[in-house]
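This briefing goes through selected local features of a protein model, grouped by topic. Please read it alongside the sequence and the coordinates.

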Amino acid sequence: MPPTRTRTFRMSRTALSLAAGAAAMTFVVATDAHAAVLWDGDASRGTGVFEAVLCPSPGGASVRNRGDAHGDFFEFLKPAGSERCEGHGIDRPELLRNDRTLWFGWDSMTKTGNAQTVFQWKSNGTDDRNQQNYPVIMKVEDSRLKVWYVAPGERWNAIGSAPWTPGAWHSVRLGITTSSSTGGSAEVWLDGDRIAHETGIRTWDDLGNKPRWGTYGATISDVSSINWVDDPAMGDTRADVD
């Protein structure tokens, strides 16, 4: 996913080729589009873009760069003997609210076809302080990206699945309409194809929700696992995070 500043630069170049009045209008449009990117998790900003990092030693979350088009990206390394390494939440949690539509976009590459949970729309609070542990969850399992909606009472509903190639970058886009009743929805796009879409669901828990990226799962606690994540972002529309 190209950084927002690149999209804005392209629009500004177009504006320069127009008459003064039209250029001013184009500038306004570009500014509005930029403002719709609510949160920019570019790895060049460091792991502080997340509210917290949940990674035990000797693993951890770090910034990597292979000198290719992806530039800086995050590496989530879960060591053997641990269940998780995740970037938890965003550094602007006040943007996460009920009764609104949010789009998240990022690129991801896992080392194996069994990185288990690579994304959670995680509920805040624990035990009797929430009704849903994670209303939306994604796993890389059996070399497939699998998507579930998890209803109150830990009722798992598989809503989508598609092939996932380990060692290759994949584009993931997630749209969530938040609702503390049953007015919510969730859809997932993988490499440009919609693989999951569910409506009439509860997607906002009692104390709210936040995103988590990484690699997590009890079934892989005895092995190391890596998930590389590039350019996570959040906006009002899918176009904002493409």
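Arg 212 counts as buried, at 9% relative accessibility. The model is a predicted one. Arg 212 has its place in strand S14, which covers residues 209–216, and its side chain makes polar contacts with the side chains of Glu 86 and His 88.

**Surroundings of Arg 212**

- The polar contact between the side chains of Arg 212 and Glu 86 is 3.0 Å.
- The polar contact that joins the side chains of Arg 212 and His 88 is 2.6 Å.
- Leaving aside neighbours within four places in sequence, Arg 212 is in contact with residues including Leu 54, Arg 84, Gly 87 and Gly 89.
- Val 118, Phe 119, Gln 120 and Lys 122 are also among the contacts of Arg 212 counted in this way.

**Disulfide**

- The structure holds 1 disulfide, formed by Cys 55 and Cys 85 with their sulfur atoms 2.0 Å apart.
- The link of Cys 55 and Cys 85 is right-handed, with 80° about the S-S bond.
- Cys 55 lies in the loop between strand S2 (52–54) and strand S3 (60–65), while Cys 85 lies in strand S5 (residues 84–88), so the pair ties together parts that are 30 residues apart in sequence.
- Which of the two accessibility classes, buried or partly exposed, applies to Cys 55? Cys 55 is partly exposed, because its relative accessible area of 22% is not under the 20% that buried requires.
- Cys 85 is buried, with a relative accessible area of 0%.

**Nonpolar core**

- The largest nonpolar core has 41 residues.
- Phe 104, Trp 106, Trp 121, Met 138, Leu 174, Trp 213 and Met 234 touch the most other members of this core.
- Strand S9 (residues 144–151) gives the most to the core, with 4 residues.
- Not counting residues up to four places away in sequence, Trp 106 touches Phe 119, Met 138, Leu 174 and Trp 213, among others.
- The contacts of Trp 106 also include His 170, Ser 171, Val 172 and Arg 173.
- Val 229, Asp 230, Asp 231 and Pro 232 are likewise among the residues that Trp 106 touches.

**Aromatic pairs and cluster**

- The structure holds 16 aromatic pairs.
- The rings of Trp 39 and Trp 213 have their centres 5.7 Å apart and their planes at 20°, so this pair is stacked.
- The pair links distant parts of the chain, with Trp 39 in strand S1 (residues 37–40) and Trp 213 in strand S14, 174 residues apart.
- Trp 39 and Trp 213 are both buried.
- Trp 148 and Trp 156 form an edge-to-face pair, at 5.4 Å centre to centre and 70° between the planes.
- Trp 148 counts as buried at 14% relative accessibility, whereas Trp 156 counts as partly exposed at 32%.
- One aromatic cluster is formed by Trp 39, Phe 50, Phe 74, Phe 76, Phe 104, Trp 106, Phe 119, Trp 121, Trp 204 and Trp 213.

**Charges over rings**

- The charged end of Arg 66 sits over the ring of Trp 228, 4.7 Å from the ring centre.
- The charged end of Arg 238 sits over the ring of Trp 189, 4.0 Å from the ring centre.

**Backbone geometry**

- Most residues other than glycine have a negative phi, and most peptide bonds are trans.
- Ser 57 and Pro 58 are joined by a cis peptide bond, with omega about 15°.
- Asp 142 has a positive phi, near 55°, and is found in the loop between strand S8 (136–141) and S9.
- At 59% relative accessibility, Asp 142 counts as exposed, because exposed means over 50%.
- Asp 231 also has a positive phi, near 55°.
- Is Asp 231 buried or exposed? Asp 231 is buried, with a relative accessible area of 7%.
- Asp 231 has its place in strand S15 (residues 225–235) and is one of the residues touched by Trp 106.

How values were computed
Residues numbered from 1 in each chain as written. Heavy atoms only, no water. Disulfide = S-S within 2.5 Å. Helix = DSSP H or I, 4+ residues; strand = E, 2+ residues; numbered from the N terminus. Buried < 20%, exposed > 50% of the residue type's maximum accessible area, 1.4 Å probe, protein only. Polar contact = N/O pair within 3.5 Å; in protein donor to acceptor, adjacent residues only side chain to side chain. Contact = heavy atoms within 4.5 Å. Core = buried A, V, L, I, M, F, W, Y, C linked by side-chain atoms within 4.5 Å. Phe/Tyr/Trp six-rings, centres within 6.5 Å; stacked < 30°, edge-to-face > 60°. Lys NZ or Arg CZ within 6 Å of the ring centre and 35° of its normal.
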